[in-house]
Amino acid sequence: MSIRRLRSNPKTLGDVNMVTEELKNLYYKRLLPIEKYYSFHHFHSPSYEDADFDNKPMVLVMGQYSTGKTTFIRYLIEQDFPGSRVGPEPTTDCFTALMYGEPEGIIPGNALTVDPKKPFRNLDPFGNAFLNRFQCAQMPNKVLESISIIDTPGILTAAKRKLSRGYDFPAVLRWFAERVDRIILLFDAHKLEFSDELTRAFGALCGYEDKLRVVLNKADRVDSQQLMRVYGALMWSLGKVFRTPEILRVYIGSFWSEPRQMCDHYQLIELEEEDLLADIRNLPRNAAVRKLNDLVKRARLVRAHAHIISYLKQEMPTIFCKESKKHNLIYQLPVIFTKIQQQHRVPAGDFPDCTKMQEKLLGQDFSKFKTLKPSLMASLDKLLTSDIANLVPLLQKQEELRKKSLPGVLDGDFLGTFRPEHYRRDPFKELRRDDESSEADFDEWAVEKFKPKYDEIFYNLSPNEGKLSGTKVREWMTTTLLPNSVLAHIWRLSDVDGDGMLDNEEFALAVHLIEGKLEGHFLPRELPSHLVPPSKRLSTASDEE
């Protein structure tokens with residue numbers, strides 16, 4: 001498997017693509033006027049802004065405290081981020097948006113809500129109690145060039161449920177759930193507990209199950225029998241909470257870059273990691289599809305909302321008994337939903353939650369509601385029937401262009417597999433050997449003083465013509481119990497000449513990087529000059545020229 005990095009052309013990804021621009025125009029032209037006319041934002045989410053269309057795909061990471069949320073993020077981006085702390089207690093006490101940018105630093109929540117380039121302006125209604133617990137960690141990271149990640153506070157357990165956060169935590173989660181592309185929900189295989197706050201958080205995610213990915217983390221710390229029981233209990237609990245016949249997939253893994261404990265289900269963990277990272281890898285490629293899907297979902301909700309408001313307006317008396325009639329209509333709202341479904345053929349799934357709608361209506365003045373305006377409804381129907389359909393060929397065309405200009409959008413290493421063949425460095429494929437580079441004497445190679453020890457391992461592996469094949473190196477590397485994704489990155493750094501084999505210097509470099517990783521150091525993204533083997537420095541310099 002491989003490193004979890006996004007290798008892409010930032011300029012290509014940075015351009016506003018054609019589909020996004022068309023979606024933006026359709027929203028401002030067809031949908032926004034209806035939202036304003038029927039006061040949609042008073043009942044549901046605020047109106048979209050440019051940043052909501054232009055922002056990169058976002059991943060929301062949530063779960064109970066000490067389930068490995070922050071560690072999971074560090075595993076993806078391969079470095080610490082400003083403000084991060086890891087520990088068994090609730091260490092993350094705020095929402096942190098990890099975004100690409102320079103210089104590295106933290107932007108407080110109040111400043112984020114006034115930045116038109118950030119998609120967080122509509123968080124302002126949650127007030128200072130929340131904004132003081134919201135920040136953006138800006139940093140120049142390869143992964144963050146293509147996606148943004150939202151770290152969340154740990155969900156409190158039953159023992160801590162009496163503590164108050166000072167803001168509506170489920171409402172904030174729902175705000176993010178509507179806008180993100182993927183929701184990663186982590187559970188700890190050692191402490192599977194469904195607290196009151198976790199149940200309320202699940203309620204906030206209802207309607208967004210298609211974005212949800214459940215992860216049973218730290219699975220290498222339990223044996224196979226315990227894992228089977230924990231997995232079954234988790235599936236049973238999720239079925240009770242979400243109350244749907246469809247079963248959510250649960251990914252089993254141990255998402256950190258430290259050596260895993262050897263267990264009977266070690267291979268299962270590797271395969272599950274591969275699947276989850278592949279899902280995240282495809283987010284930038286599928287971003288336009290997700291935005292189109294969210295716009296259609298919002299348009300359907302706006303249509304149902306317009307019919308509800310119009311019906312309530314028509315049923316209100318002109319002069320007398322307005323207040324009693326209002327309460328009577330609110331009480332009969334489920335019946336009104338059924339009538340609208342039958343009269344206007346609006347699908348039941350397009351309607352909002354009846355209980356929440358009743359709560360919202362209590363504070364509204366029904367006399368200010370508007371009746372149906374035919375021109376607006378015709379515009380909305382045109383959006384749903386023809387405008388969106390016309391975008392599908394454009395979406396397919398753009399997908400072909402993306403495949404040509406961005407062969408993977410995310411690097412193939414991000415998948416948990418070794419780099420594709422066109423990247424040349426693949427220990428599982430016997431590629432054609434290049435001509436040997438000329439050797440020269442160089443000073444200050446950081447690995448030189450450890451090389452005698454590494455050479456002993458090298459020659460014990462029986463090299464052929466002075467080199468070890470990728471298969472032999474892989475067999476030895478896996479004995480370190482480091483995740484395959486980490487070992488793949490080490491291979492990529494060590495196979496300097498890209499011939500699919502390691503000579504004694506390259507192997508010494510690989511062992512040196514493994515030892516550094518085992519000591520807890522982060523691996524470099526690219527090989528620094530002081531680690532380049534002396535015999536490879538001339539060829540490396542000529543390649544750069």
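1. In this predicted model, about 120 Å³ of space lies in the largest cavity, and a search of the whole structure finds four cavities of 30 Å³ or more. The residues that line the largest cavity are Tyr-48, Asp-52, Phe-53, Asn-55, Glu-178, Arg-179, Arg-290, Lys-291, Asp-294 and Leu-295.

2. As to where that lining comes from, at least two residues are supplied by each of helix 4 (50–54), helix 8 and helix 12, and helix 12 gives the most, with four residues. Sorted by class, the lining of the largest cavity holds six charged residues, three nonpolar residues and one polar residue.

3. The largest pocket is a separate topic, and about 1,400 Å³ of space lies in it. Its lining comprises 44 residues, of which His-44, Ser-45, Arg-174, Tyr-208 and Leu-301 are the closest to the centre of the pocket. Two or more lining residues come from each of helix 2 (18–37), helix 3 (40–43), helix 8 (169–179), helix 9 (196–205), helix 12 (287–315) and helix 15 (354–362).

4. Helix 8 gives the most to the lining of the largest pocket, with six residues, whereas in the lining of the largest cavity the element that gives the most is helix 12. By class, the lining of the largest pocket divides into 18 nonpolar, 17 charged and nine polar residues.

5. Turning to helix packing, the axes of helix 5 (residues 69–77) and helix 11 (residues 266–281) come within 13 Å and cross at roughly 75°; the two helices are therefore roughly perpendicular to each other. Helix 5 makes the contact through Phe-72, Tyr-75 and Leu-76, and helix 11 through Glu-273, Leu-276, Leu-277 and Ile-280. Of the residues in this contact of helix 5 with helix 11, six are nonpolar and one is charged, with no polar residue.

6. On the side of helix 19 the contact involves Val-486, Leu-487, Ile-490, Leu-493 and Ser-494, while on the side of helix 20 it involves Glu-506, Leu-509, Ala-510, Leu-513, Ile-514 and Lys-517. By class, the residues of the contact between helix 19 and helix 20 are eight nonpolar, one polar and two charged.

Notes:
Residues are numbered from 1 along each chain as its sequence is written. This is a predicted model: local features need pLDDT of at least 70, side-chain atom pairs count only at pLDDT 80 or more; totals for chains, interfaces and linings use all residues. Side-chain values use heavy atoms; hydrogens and water are left out. On a 1 Å grid over the protein atoms alone, a cavity is a set of points where a 1.4 Å probe fits but cannot get out, and a pocket is an open set with protein on both sides within 12 Å along at least five of seven lines; lining residues have an atom within 4 Å of a point. Grid points are joined across faces, edges and corners, and a volume is the space filled by probe spheres set on the points. Ala, Val, Leu, Ile, Met, Phe, Trp, Tyr, Cys and Pro count as nonpolar, Asp, Glu, Lys and Arg as charged, and the others, Gly among them, as polar. Axes are lines fitted to C-alpha atoms, for helices over the stretch in contact, and angles run from 0 to 180 degrees between N-to-C directions. Angles under 35 degrees count as roughly parallel, over 145 as roughly antiparallel, 65 to 115 as roughly perpendicular and the rest as oblique. Contact means heavy atoms within 4.5 Å.
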